[in-house]
Amino acid sequence: MAESTTHQRTLRGWDKPELDLSNAQWQSSSRGLGDVQIAFVEGFIAMRNSGSPHSPSLIFTPAEWGAFVSGAREGEFDLT
């Protein structure tokens, strides 16, 4: 993949690099039926709204992604 780290954010509590998602290979989260797409980039998981692909993406570490998915499956998150 051609993705690269562009620079490190300096926000307090933000320990993730700003990722270049321009060449990311986005996948539908629900076999093409949902509004969310995910991409795996440099060891992180990016999530975006497929209806607004140019809007900001959420970036998760693998541990954060696991907690998010687990919580969603248990009904902890309203994904509508």
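The following legends describe close-up views of a predicted model. Local features are given at pLDDT of at least 70 and side-chain atom pairs at pLDDT 80 or more, whereas totals for chains, interfaces and linings use all residues. Residues are numbered from 1 along each chain as its sequence is written, and side-chain values use heavy atoms, without hydrogens and water.

**View 1. The open sheet has four strands in the order S3-S4-S5-S6, with antiparallel pairing.** Strands S3 (27-28) and S6 (58-60) lie at the edges; each has a single partner strand, so one side of each lacks a neighbour in the sheet. Strands are DSSP runs of E with at least two residues, helices are runs of H or I with at least four, and both are numbered from the N terminus. Two strands count as paired if DSSP finds at least two bridges between them. Strands of a sheet pair through backbone hydrogen bonds, either parallel or antiparallel.

**View 2. Strand S4 pairs with S3 and S5.** S3 and S4 are joined by two bridges, and glutamine 27 has isoleucine 38 in S4 as its bridge partner. Between S4 and S5 there are six antiparallel bridges, with alanine 39 opposite alanine 46 in S5. The hairpin of S4 and S5 has two residues between the strands, and glutamate 42 adopts a positive phi near 50° there.

**View 3. Glutamine 37 lies in strand S4 (residues 36-41).** With 18% relative accessibility, glutamine 37 counts as buried (under 20% relative accessible area; over 50% is exposed and values in between are partly exposed, with a 1.4 Å probe and protein chains only). Its side chain makes a polar contact of 2.7 Å with that of arginine 48. Such a contact is a pair of N or O atoms within 3.5 Å; within protein, one must be able to donate a hydrogen and the other to accept it, and residues adjacent in sequence count only if both atoms are side-chain atoms.

**View 4. The largest nonpolar core has eight residues.** Its members are Leu19, Ala24, Trp26, Ala39, Val41, Phe44, Ala46 and Ile59. S4 and S5 each supply at least two residues of this core. A nonpolar core is a set of buried Ala, Val, Leu, Ile, Met, Phe, Trp, Tyr and Cys residues joined through side-chain atoms within 4.5 Å. A second, separate core of six residues includes Ile38, Met47, Trp65 and Phe68.
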